[in-house]
Amino acid sequence: RLGIRTGADLRSWPLEKLVQHFGKQGIFYFNIVRGNDPRAVHSERKRKSIGAERTLGKDTRDMNQIHHIMKELVDRVAAYLISNKIMAQTMTVKIRYADFTTITRSITAGVSLGNGDDILRYIPALLERTEAGYRQVRLIGVSLSKLLPAEQKQPRQMQLPFPGLHQDENVTEEQE
């Protein structure tokens, strides 16, 4: 009845008129249509991954520098894991080369990753699957996914010696 059909219509109304027609709710309408909402935002979504990355000031092939930066990134991500009492199962390394080609290399660990040492153990193998060191690198990143609470730590799969198997062979038995 008042001719308010859109947000623009509502925004054109002065506060006094809105209060006159809608009471206290008029104050809310006046503010909300202007983007003023003091209510706290409460997210119900669970975080699915965490990560850190760094764009270099100068492209590099220096693997010592790349490993040093990767350690800094891992320290940041591990601090988040520890402070939030969570662990991860999958780790991804991200590399962007000087020509802006971006690649990722991932591994899902047999055990949950809960600290920097756990994460750093996989860095060399993942970096070997890139051309870092051969090609100029512009950006380095690390992320963790398949997050779970630390108390739900994934059990380790023990290696059992079976007669007739060579020492380097692994046997995994699945339970139904």
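Let's start with Tyr29, which is partly exposed at 26% relative accessibility. Here, buried means under 20% relative accessible area, exposed means over 50%, and partly exposed lies in between, with a 1.4 Å probe and protein chains only. A word on the source: this is a predicted model, where local features need pLDDT of at least 70, side-chain atom pairs count only at pLDDT 80 or more, and totals for chains, interfaces and linings use all residues. Residues are numbered from 1 along each chain as its sequence is written, and side-chain values use heavy atoms, with hydrogens and water left out.

Now the rings. The whole structure holds two aromatic pairs. Rings of Phe, Tyr and Trp (its six-membered ring) pair if their centres lie within 6.5 Å; planes under 30 degrees apart are stacked, over 60 edge-to-face, the rest tilted. Phe22 is partly exposed too, at 33%. Ring pairs join Phe22, Phe28 and Tyr29 into a cluster.

Next, charges over rings. The charged end of Arg135 sits over the ring of Tyr97, 3.9 Å from its centre. For Arg138, the ring is that of Phe100, and the distance to its centre is 4.4 Å. The test is NZ of Lys or CZ of Arg within 6 Å of the ring centre and within 35 degrees of the ring normal.

Is Ile103 buried or exposed? Buried, at 16% relative accessibility. Ile103 belongs to strand S3, residues 102-113. (Strands are DSSP runs of E, at least two residues; helices are runs of H or I, at least four; numbering is from the N terminus.) Leaving out residues up to four places away in sequence, Ile103 touches Val93, Lys94, Ile95, Tyr97 and Thr130. Contact means heavy atoms within 4.5 Å. Val93 is 10 residues away along the chain, and its C-alpha atom is 8.3 Å from that of Ile103.

Now the backbone. Most residues other than glycine have a negative phi. Lys85 has a positive phi, near 50 degrees. Where is Lys85? In the loop between helix H4 (63-83) and strand S2 (86-97). Lys85 is exposed, at 60%. Lys146 has a positive phi as well, about 55 degrees. Its loop runs between strand S4 (137-145) and strand S5 (148-149). Lys146 is partly exposed, at 48%.
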